Amino acid sequence: MPSYDTALYPMEFHVNGERRTIRVRAADTLLYILRDNLGLTGSKSGCDNGDCGTCTILVNGLPQKSCLMLGVEAFGQHITTIEGLVNSPVQEAFVQKQAFQCGYCTPGFIMNCHGLLNVHPDANEETIRVWLESNICRCMSYEEIHKAVKAVFTGSRKS
Amino acid sequence: MIPFDFDYYKPASVQKAVEWFQILHLQGKNPMYFSGGTEMITWARRNSIQPGAVLDLKAIPECNVMDFKKDSLVIGSCVTLSALSATNLFPLLSETAQGAADQTARNKITLGGNICGQIYYREAVLPLLLANSRMVIAGLKGMKEVSIHDVFFQQIRLEKEEFLVQIVIDRGYLSLPYVHYKKRQIGNVGYPLVTVAALKKDNQIRTAYSGVCAFPFRSFEIEQALNDPLLPLAVKIEQAIGKLPAPILTNAEGTASYREFVLKQTMAEAVNVLEGR
């Protein structure tokens, strides 16, 4: 049984393609480790309760709510945050379709949709609907968000 | 943010998990097993629980299997609900799991966590009750396999140091005719007013419920009423309602009287569909 002489746990994981070694409090969620320890503030704190989805990140390519994951659980995992997306067609579609108003929910929506693109590159309407249910937009931009995501999957981003 | 500290351990074997739990318990650490952890993180953030140590079960190989062994499907307790739905080996379980929380949360919530949780609904247990599943449980005396009906009565009943390792389902149940209804007050995500899972075996309809009372349940008395060939449907349902194991729930999702109305409609839908199959 391992024993620790400190309340901080050594941790190594990959964040946006870069290997990071830090010490974390076991009780800290990944959201706060990304934001406070690594300065990656693109993942937002919303409900902190797994309801709103604005803290969504990718864990080994799958979207997860970083407020519902302990940082220590990420040991050895590959984490992608909104800062790690480069030239994602999802980001481009959100811009093209103006799929945001205040923008607070946008990183979470984009990460979720990017995850959907990873897992189901040929997602149908029903799959898109189910996946989009994970995120909430208080500005009610759902129509534009849906159009943006549809555009990614139909390849009609600029129309 | 979780307002207190705890120690974190990730045992790589069933035996180590139980041993470490026992040591931590003797040290007065109030240890908790941890699988997906979504519920534990939520309660801890609200300071409703204060474990001094958590034992993450996700590195234990037996807790991550999802495969056939002879004539049974074996599912590890750390398999996520989204993985269950994606593989679709037991369609009723897949559909029921798909109704819990939302897609992103289901990437984290595990079957074992859902069954062993404290929240009323624990819907993933419904198909397992209907299929007379067996639970593989680890404890101080090693592993044991027991009927779900011996350890799940309103909630999972384990000794403090025990944890759920696997669920075993006979292959014969996987392809039986079934229905699953989750009725919410509004929308497609959220807790149910009523969830009904039902399957038909040997010409008998089996039903299990979540959202109706303050715990999920399967009732053999209700099944007896619903399968009585001499009664018209409306009478069957009235009799079934009279055999509920506890008062109908009233909470933010709906009042007891509204739930009862929805339950009656849903029971009728289930019986109508399955009687024709």
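The model is predicted: local features need pLDDT of at least 70, side-chain atom pairs count only at pLDDT 80 or more, and totals for chains, interfaces and linings use all residues. Residues are numbered from 1 along each chain as its sequence is written, while chains are lettered from A and ligands numbered from 1 in the order in which they are written.

**Contact between chains A and B**

- Chain A brings 28 residues to the contact and chain B brings 23 residues. Two residues count as in contact if their C-beta atoms, placed from the backbone, lie within 7 Å.
- On the chain A side, strand S4 (62-65) and helix H4 (125-132) each give two or more residues. Helices (H or I, at least four residues) and strands (E, at least two) are DSSP runs, numbered from the N terminus.
- S4(A) provides the largest share of that side, with four residues.
- By class, the chain A side holds 15 nonpolar, eight polar and five charged residues. Ala, Val, Leu, Ile, Met, Phe, Trp, Tyr, Cys and Pro count as nonpolar, Asp, Glu, Lys and Arg as charged, and the others, Gly among them, as polar.

**Domains of chain A**

- Chain A is assigned domain 1 (8-83) and domain 2 (86-154). Domain bounds come from an automatic or database domain assignment.
- The C-alpha centres of these domains of chain A are 21 Å apart.
- Across the boundary, 15 residues of domain 1 of chain A are in contact with 14 residues of domain 2 of chain A.
- Strand S3 (56-59) and S4 of chain A each supply at least two residues of the domain 1 side. S3(A) gives the most, with three residues.
- That domain 1 side of chain A has seven nonpolar, six polar and two charged residues.

**Domains of chain B**

- Chain B is divided into domain 1 (7-56), domain 2 (61-173) and domain 3 (178-275).
- Domain 2 and domain 3 of chain B have C-alpha centres 22 Å apart.
- Here 17 residues of domain 2 of chain B are in contact with 18 residues of domain 3 of chain B.
- Helix H4 (91-98) and helix H7 (125-130) of chain B each supply at least two residues of the domain 2 side. H7(B) has the largest share, five residues.
- The domain 2 side of chain B divides into nine nonpolar, four polar and four charged residues.
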